[in-house]
Amino acid sequence: MAHEGRLHLLKLTLAGVNHKTTPVDIRERLAYPKEHLNDALKALSSREGILETFILSTCNRVEILTVTSHVSPGPRFFLDFLQETHPGLQGINLHPYLYHFTGEEAAAHFFEVSSSLDSMVIGEPQITGQVKEAFERARSMNLAGPMLNQIFQRAISTSKRVRTETGISHLPVSISYAACQLARKIFQDMRDKSILLLGGGDMAQLTARHMKKMGVKSLTLMTRDTQKGQLLARDYEAGHASFEELEQRLVDSDMVVCSTGADSYLIGEELAETVLHRRRNKPLFLIDIAVPRNIDPAITRHSSIFLYNIDDLKSVVEANQREREYEALQAKEIIREELQAFARWQADRSTVPLIQSLRTHTESIRLAELDRFQAVLATLPPEAREKVDILTRSLLNKILHPTYHTIRQSSDIDEVREWVSKCYGLPAESPTNDPPGQTSEAPDPEALPSPTFLKRESPA
Amino acid sequence: MLLDVLSGRSKAIPWAGITAGVGGVLLHTLSLFILFTSRGHVTLISLKESVSFFAWSLVIVFLILEHQRKAHILGILVFPVAFLCLLFVLGVSTDKTFLHTSTTSILISLHSVLIDLGLASAALAFFVSCFYLLLDMFLRKKIFNPLFNKLPSLEFLDRLNQEFNGMGFIFLTLGLIFVMIWSYRTYYMIWPWGKKGSWALLIWFLYLATVLLRRGKSFQGKQAAYLSIASFFLFAITILAVNLFMGGGHSVF
């Protein structure tokens, strides 16, 4: 492993643009097409000092995560890279759009992105898959080492916790799902319900698809164009009916989604009254997403009718978005805990090489001293010689135990290293100059020391 | 945290509530067990005991329902009401008994317990109806708040309302049958036609009407919720009036 001996010096840096900082016309040009991502990763990893890296490129963000030794690359480094890999953006100043984090801030931002707290639609599930895909790409190109491995694993487990421990993804934020949410507030079980679709608009089709997933008993499509309607009905395993049957179908249905292009009311007061009478006041849930509306709003005076138009559904979505934002605040607490766990991992890993070198050093002194008294020890019986060996080892361990403890508890490993080196006369560390990109194989975390990058740094 | 409690967003709240409820009901069961075994019969001989048993039945029925159907939103009414009932029980220092211990028999014991269980069922139907009307209002006025998200469906609430009313009717009917048998054995009179008897019969007819109306599918939803609310109030008032204000209490039976 190329940088194994100096993991404690590794620096994590994240830079990128997203939907909050960058307008779509710049964002769409900055996004890396899939076929160019490998080249971009190669170009990035060949730069001096880059040990591990990966690029996350979606329609809403481009994020570049790098692990370097000793020094974090500044924003200029990333700006140059973005300009170079996007020749079409030459001459455009990207600086105002770029954000740049190092150390703990970089890890925190990455956790927030992976958990979908930074997404345009908070709680949307796709981002976690996109992060996984980006990491797999880096790993397949041998660009993910111990640091990226660790941060990736933690980011994925953070996103799982956020999803299961908060209600961030429970409430729907699309119009068609909002209709399903309302249906569930009226009906207990959709599996014994019948749904009538008046018109085959996009929204009606989406709602039909969701309802199908919820296992509705029967779905009927009603269109003026019989041929087209029958084709569409086949796609959704639905029945087809003509408008002449409207009254009967309304009597038989529990939910109606209306999205025809009709310019007058299809369901008016008179029809509603007849239908309700025949339904014996069984609740009827009506969704009118057509503009102009297809259902007379006056029919809501009947207590068995629940009618929602497109604006009502939008207000459901808005309310759900507000709830998700609230849940995001809860999720921040989970991220804080995961960051602490990550910091502990960092601290543990970073102390290992120091403890190991101290142990090796003191052990060599002990062996040398035993060797010096070899002549005397040789006169002793084997059991006594063994006892001396045990005694010296135990003595050494007892003396060093508080030092090991102090090292493990230390918040500033560099300071402790200096102090321990002076006290015990440890040999100085010899830095290596390995070429970048040779950090492919993830080391055994138990056997390897790790970096302390979690000291907060101000952006360059 | 306070916001979480008020909005019911925190998942820990229902869990803590249910756990505390189970603990409370176990202790309450123990205290009732000690009371009944020390006395040798289960007759509720005073208002204090009646209210205590009502609180116990309310929580027991709710916990069974919660276990089987996950309706923990009901807990926000059941637990405070049970708590207030127990506070009342603790606050009543002197307790007038409405039954002489000499009149107790197994029939009277069953009567008192069944009527209390009937009242608890009616109370649950009342709570469910309140939630029904609240959700109906949210849906009609398009109010989408955290409480709206927590409420179960109208259909579920309506079904619970029907089931609780059905249970209440069965308990009430059995309770009255047992007291009629006892009355006949003691006074050779099946029904005491007075204020008390008339009120009890009115309540029974009200619940009978509710059950019969619900059998016809067209009586449901809001109408059923309003009827449940009215029936519960009449039931509770009758119980209180019979025991407190209609001279002689049960002792003249």
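## Helix H4 of chain A and its surroundings

In this predicted model, the buried residues of H4(A) pack against strand E1 (10–18), strand E3 (61–69), strand E4 (99–102), H5, H6 and H12 of chain A. The helix is mostly covered, with nine of its twelve residues buried, and among them are Gly103(A), Ala106(A), Ala107(A), Phe110(A), Phe111(A) and Val113(A). The buried set also includes His109(A), Glu112(A) and Ser114(A). From first C-alpha to last, H4(A) reaches 17 Å, close to the 16 Å expected at 1.5 Å a residue.

H4(A) is followed by Ser116(A), which sits in the loop between H4 and H5 of chain A. Although Ser116(A) is not a glycine, its phi is positive, at about 65 degrees. Ser116(A) counts as buried because 25 C-beta neighbours lie inside 10 Å.

## Helix H5 of chain A

Helix H5 of chain A (residues 126–140) has 15 residues, and its 21 Å from first C-alpha to last is close to the 21 Å expected at 1.5 Å a residue. Its buried residues are Ile127(A), Thr128(A), Val131(A), Ala134(A), Phe135(A) and Ala138(A). These residues lie on the same side of H5(A) because they cover an arc of only 125 degrees around the axis. On the other side of H5(A), Gly129(A) and Ser140(A) are exposed.

The cover over the buried residues of H5(A) includes helix H2 (34–45), strand E2 (50–57), helix H4 (103–114) and helix H6 (146–165) of chain A. Just after H5(A), Asn142(A) takes a positive phi of about 60 degrees.

## Other backbone features of chain A

Glu237(A), in the loop between helix H9 (226–235) and strand E7 (239–241) of chain A, is another residue other than glycine with a positive phi, here near 50 degrees. Whereas Ser116(A) is buried, Glu237(A) is exposed, with 10 other C-beta atoms within 10 Å.

The peptide bond from Val291(A) to Pro292(A) is cis, and its omega is near 0 degrees. Pro292(A) belongs to the loop between strand E9 (284–288) and strand E10 (305–309) of chain A.

## Chain B

Chain B contains nine helices and zero strands, so that definition by secondary structure gives the pattern α-α-α-α-α-α-α-α-α along the sequence. Of the 253 residues in chain B, 36% are buried. Among contacts in chain B with a separation of 6 or more, 84% join residues 24 or more positions apart.

In soluble globular proteins, nonpolar side chains tend to be buried together. The largest nonpolar core here has 100 residues, and those with the most contacts inside it are Leu197(A), Val257(A), Cys258(A), Leu58(B) and Val128(B). Helix H5 of chain B (residues 106–141) gives the most to this core, with 18 residues. When residues up to four places away in sequence are not counted, Leu58(B) touches Val78(B), Val81(B), Ala82(B), Ala120(B), Ala123(B) and Leu124(B).

A second, separate core has 52 residues, including Val17(A), Leu56(A), Leu98(A) and Ala331(A).

## The contact between chains A and B

The contact takes 17 residues from chain A and 15 residues from chain B. On the side of chain A that touches chain B, the elements that give two or more residues are helix H7 (175–186) and helix H12 (310–372) of chain A. H12(A) provides the largest share of that side, five residues. By residue type, the side of chain A that touches chain B divides into seven nonpolar, five polar and five charged residues.

How values were computed. Residues are numbered from 1 along each chain as its sequence is written. Chains are lettered from A and ligands numbered from 1 in the order in which they are written. This is a predicted model: local features need pLDDT of at least 70, side-chain atom pairs count only at pLDDT 80 or more; totals for chains, interfaces and linings use all residues. Helices (H or I, at least four residues) and strands (E, at least two) are DSSP runs, numbered from the N terminus. A residue is buried if 20 or more other C-beta atoms lie within 10 Å of its own, exposed if 12 or fewer, and partly exposed in between; C-beta atoms are placed from the backbone. Two residues are in contact if their C-beta atoms, placed from the backbone, lie within 7 Å. Ala, Val, Leu, Ile, Met, Phe, Trp, Tyr, Cys and Pro count as nonpolar, Asp, Glu, Lys and Arg as charged, and the others, Gly among them, as polar. A nonpolar core is a set of buried Ala, Val, Leu, Ile, Met, Phe, Trp, Tyr and Cys residues joined through C-beta atoms within 7 Å. The expected span of a helix is 1.5 Å times one less than its number of residues. The arc is that of the directions from the helix axis to the C-beta atoms.
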